[in-house]
Amino acid sequence: FLCPSQWKNRRKYLPHVNSIVVHSILTSNRPLEQSLHLYIKYIMFLLYIQLDGKNTIVPWNTILTLIKQHYHGTATDLIMANVNSHLSNAHSWAGNYQKAIKILNNTIPIYQQSLPIIQKEERTLLDLLRIIPFKNEEDDLIRNKCDLNFSLLILGGIQYYLGKTQEGINSYTKALALLNEDNLGKTSKYYKIDTLWDIGHLYIYAGQFVQAENILKEAKENIDKLYPNQRIQAYVYANLAFLMYHFGNFKEAILLLEKCAKIREKHLSPQHRLHIDTELKLGFINYMLGKTNFAKRNFIRANMINKLYNDDNLIKALINLGLGKIYETLGEYDNALSYMQNALEMAKLQFDDNINFGMSSQLTEAEIWPKTIKYTDLSYWEKVLKINSQMFGNNHYQTARYHYMLGLAMENTDKFQHSYKHYKQALAIIKTLAIKHPSLKRFHIENTKTIQEKIDKQP
């Protein structure tokens with residue numbers, strides 16, 4: 001995991017390793033331990049380097065069966081717990097969220113039991129079942145805490161994907177508390193940094209920007225010192241860029257994403273799914289900078305890579321939402337409406353009843369609304385207002401924006417009574433919204449002033 005320079009070479013051998021190990025296990029013509037160790041390395045690479053959850057579910061179940069049949073030591077339960085944590089992660093990335101939660105609910109209590117005496121062979125196997133092996137570093141108690149931390153991070157990620165962001169933050173907070181010690185070694189510090197960027201990531205989606213800023217600054221300070229040019233550094237930069245996007249610091253966000261992209265492009269294949277994340281963030285930032293054609297290319301590239309996987313409804317929702325915004329700006333309103341509707345359907349599939357909370361902080365509030373619009377087809381603005389209120393909620397910033405846009409369209413067609421009603425609704429929503437960070441205050445003030453001026457000018 002910490003040797004990205006070797007990934008490209010190892011990636012070539014994945015199909016061969018799989019066939020050799022499976023044949024070896026089935027025919028028993030090699031020692032089981034050797035075959036099992038190689039099989040675990042293969043699955044770990046597939047899951048955590050390739051981020052392929054779907055194709056690791058069956059192999060993890062095979063590993064579970066082999067361990068049940070051949071391992072009966074004092075630490076067998078812990079070994080099984082580590083395997084089940086990875087199995088739950090595989091199910092999560094394959095979209096089987098309830099199955100993943102069920103596995104974790106049975107796994108997490110095992111780490112909380114008294115620690116057994118761990119034999120040398122068991123310690124080796126446990127280390128293989130960690131994204132970073134401890135080798136001879138740190139004692140079994142710290143290792144066990146890191147294993148529990150890892151399971152809680154998986155649980156928090158699933159809770160976020162179900163739109164239960166605060167529950168996810170609670171899981172991450174518990175994970176972080178396990179590693180609040182001064183004498184952590186380099187490997188356990190990695191787990192702590194991983195937790196910091198995860199919790200910072202969720203603070204953004206919960207709209208808790210001040211907390212996100214503090215946590216992600218701490219993560220960046222640590223990652224730059226301990227793990228430069230690693231994939232986790234790219235994660236931290238990507239989340240800081242997303243935070244800057246929410247603050248309206250778009251140029252700084254671009255600089256951070258360029259650093260993120262440089263790391264990802266160096267170590268990952270061109271079709272790796274993490275490039276979707278880079279392109280999506282670049283797309284939304286370029287859109288806010290008025291670079292519409294650049295943003296369009298970002299969303300199209302994200303969509304091309306995503307079609308190779310086609311297993312993440314949230315990504316589909318965001319791609320469609322971004323393209324909807326682009327085509328609205330370009331004046332291609334039929335396309336815009338189609339993409340917006342697709343975004344709503346994908347968001348419903350992802351978050352179900354939690355759609356409003358799940359989508360609430362996907363877009364920035366750092367936007368100055370236009371004072372006029374050219375397009376006056378009221379049916380378009382009425383439909384996108386309805387879509388946005390369903391996707392974000394009746395009292396969300398985006399809903400206020402589309403009440404205002406519909407008001408502009410009605411004013412252009414001399415329907416002043418109706419435009420007044422939508423301006424008033426937009427103003428009422430904005431006045432109820434808390435300002436999530438000092439950097440957003442000027443945007444709220446400017447848009448409130450613009451709406452009020454429109455209301456005051458109504459005949």
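## The second largest pocket

Of the 22 residues lining the second largest pocket, Tyr-287, Thr-329, Pro-370, Arg-401 and Met-405 are the closest to its centre. Helices H14, H16 and H20 (397-412) each give two or more residues to this lining. By class, the lining of the second largest pocket has 14 nonpolar, four polar and four charged residues.

On a 1 Å grid over the protein atoms alone, a pocket is an open set of points with protein on both sides within 12 Å along at least five of seven lines, a cavity is a set where a 1.4 Å probe fits but cannot get out, and lining residues have an atom within 4 Å of a point. Points join across faces, edges and corners, and the volume is the space filled by probe spheres set on them. Ala, Val, Leu, Ile, Met, Phe, Trp, Tyr, Cys and Pro count as nonpolar, Asp, Glu, Lys and Arg as charged, and the others, Gly among them, as polar.

## What kind of model this is

This is a predicted model, where local features need pLDDT of at least 70 and side-chain atom pairs count only at pLDDT 80 or more, while totals for chains, interfaces and linings use all residues. Residues are numbered from 1 along each chain as its sequence is written, and side-chain values use heavy atoms, with hydrogens and water left out.

The largest pocket holds about 910 Å³ of space. Its lining has 29 residues, with Phe-1, Arg-10, Lys-41, Leu-128 and Pro-133 nearest the centre. H3 brings the largest share, seven residues, and the lining of the largest pocket splits into 18 nonpolar, three polar and eight charged.

The largest cavity takes up about 1,200 Å³, and of its 46 lining residues Trp-93, Tyr-161, Trp-197, His-201 and Tyr-235 sit closest to the centre. Several helices supply at least two residues each to the lining of the largest cavity, including H5 (76-93), H12 and H14. By class, that lining has 30 nonpolar, seven polar and nine charged residues.

## Helix H14

Helices here are DSSP runs (H or I, at least four residues), numbered from the N terminus. H14 covers residues 274-288, and its 15 residues should span 21 Å at 1.5 Å a residue; the end C-alpha atoms are 22 Å apart, which agrees. That expected span is 1.5 Å times one less than the number of residues.

Of the 15 residues in H14, 14 are buried (under 20% relative accessible area; exposed is over 50%, and partly exposed is in between, with a 1.4 Å probe and protein chains only). Just after H14, Gly-290 takes a positive phi of about 80°.

Most residues other than glycine have a negative phi. Asn-229, in the loop between H11 (209-226) and H12 (231-247), has a positive phi near 60° and is partly exposed at 48% relative accessible area. Asp-352, in the loop between H17 (333-351) and H18 (355-359), also has a positive phi, about 55°, and is exposed at 54%.

Asn-354 is in the loop between H17 and H18 as well, and counts as partly exposed at 27%.

## Cysteines

How many disulfides does a search of the whole structure find? The search finds zero, a disulfide being a pair of cysteine sulfur atoms within 2.5 Å. Cys-146 is buried at 0% relative accessible area, and Cys-260 is buried at 0% too.
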